[in-house]
Amino acid sequence: MQGFAGKVAVVTGAGSGIGQALAIELGRSGALVAISDVDTEGLAATEQRLKAIGAHVKSDRLNVTERETFLQYADEVAEHFGKVNQIYNNAGIAFTGDIEITQFKDFERVMDVDFWGVVNGTKAFLPHLIASGDGHVVNVSSVFGLFSVPGQAAYNSAKFAVRGFTEALRQEMALAGHPVKVSCVHPGGIKTAIARNASAAEGLDPEALAKTFDKKLASTTPEKAAQVILDGVRKNKARILIGNDAKMFEVLIRALGAGYQSVFPKAVARLTPPAK
Ligand SMILES: NC(=O)c1ccc[n+]([C@@H]2O[C@H](COP(=O)([O-])OP(=O)(O)OC[C@H]3O[C@@H](n4cnc5c(N)ncnc54)[C@H](O)[C@@H]3O)[C@@H](O)[C@H]2O)c1
């Protein structure tokens, strides 16, 4: 088992939730951390906390959907620290809405951040990770990358795509003999701002949806999530499941196969607040 001391780790979406907790846990473990987010206030708070524990930190505003900027950023991080070992493609957004009432632009926005953000980050940093001789790509999908539920088609599509991309990458790195490990993370409900930051199709009440998420679905703290992720990275796990809910769902999906699609809608309907 390898430690994180002296490793250079990059965390996107580090201004809140899982990304913030990850950055701090990495800093505590002796890693040098490059943090970024579009939320500069949240990012500054993370930077401050990292500095308070004496971690070496580089902090930048970065929108993961801006490919050219991301490519440039990767070179800057490599130049700043002299190498890059790990990228945590964590930044993400949520959206709720049935396909019938979801606008194309909403699908595109979710895919842009949640899928293309991960592709941009992986491709931008891959040459640096290979060059480091000890690289790791950690892509954050979701339990919604393991099964679909009504009302989450945009998010489901992006998170399934992240899983497909990441699982292919792991095999390609092994086949090519590149010194890059690859893990796909599938959190269950984590107590973060994700639902409060989320948007929804017209007619739905984002506030009620966020309340339902906070009360009924979010069960694991971001700090615990970060520990589970880093433990999975140390063990080079292909799939990192976070929370008992995620573990239970994985077993259930395996047992039910495609049959889950006739069981889940009733459970989801019970959790969904009525439209405005
Ligand atoms: N919280 C959960 O229950 C849960 C469950 C499964 C998966 N996830 C995934 O975990 C990851 C982290 O989410 P979280 O729960 O910590 O949410 P969060 O909202 O607390 O944090 C997400 C961060 O990403 C940032 N971000 C959003 N769009 C961005 C962009 N275009 N460029 C850069 N940064 C951007 C936000 O500003 C925010 O700081 C996401 O990919 C999310 O989909 C979360």
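**Close-up views of the ligand shell and helix pairs**

The shell around the ligand splits into 13 nonpolar, 16 polar and 2 charged residues. Here nonpolar means Ala, Val, Leu, Ile, Met, Phe, Trp, Tyr, Cys and Pro; charged means Asp, Glu, Lys and Arg; the others, Gly among them, are polar. The model is predicted: local features need pLDDT of at least 70, side-chain atom pairs count only at pLDDT 80 or more, and totals for chains, interfaces and linings use all residues. Residue numbers start from 1 along each chain as its sequence is written.

**View 1. Residues around the ligand.** The shell holds 31 residues, and Gly-13, Ser-16, Gly-17, Gly-92 and Thr-192 come nearest. H1 supplies the largest share, 3 residues. Helices are DSSP runs (H or I, at least four residues) and strands likewise (E, at least two), numbered from the N terminus.

**View 2. Helices H4 and H5.** H4 and helix H5 (residues 153-176) pack at about 20 degrees, their axes 8 Å apart. Axes are lines fitted to C-alpha atoms, for helices over the stretch in contact; angles run from 0 to 180 degrees between N-to-C directions. The two helices are therefore roughly parallel (angles under 35 degrees; over 145 is roughly antiparallel, 65 to 115 roughly perpendicular, the rest oblique). H4 passes H5 in a right-handed crossing (near helix turned clockwise from the far one by less than a right angle; anticlockwise is left-handed). Contact residues include Phe-107, Val-110, Met-111 and Phe-115 of H4, and Tyr-155, Ala-158, Val-162 and Phe-165 of H5. Contact means C-beta atoms, placed from the backbone, within 7 Å. This contact divides into 13 nonpolar, 2 polar and 3 charged residues.

**View 3. Helices H1 and H2.** The axes of H1 and helix H2 (residues 40-52) come within 10 Å and cross at roughly 20 degrees. H1 and H2 are therefore roughly parallel to each other. The crossing of H1 past H2 is right-handed. From H1, Gln-20, Ala-23, Ile-24 and Gly-27 meet Gly-42, Thr-46, Arg-49 and Leu-50 of H2. The contact has 3 nonpolar, 4 polar and 1 charged residues.

View 4. An unreviewed UniProt entry lists residues 7-193 as "domain: Ketoreductase". UniProt positions follow the numbering used here, feature names are shortened, and annotations may be inferred rather than shown by experiment. Over residues 7-193 the chain is 50% helix and 19% strand. The end C-alpha atoms of that stretch are 28 Å apart.

Terms used:
A residue is near a molecule or strand if its C-beta atom, placed from the backbone, lies within 6 Å of it. Two residues are in contact if their C-beta atoms, placed from the backbone, lie within 7 Å.
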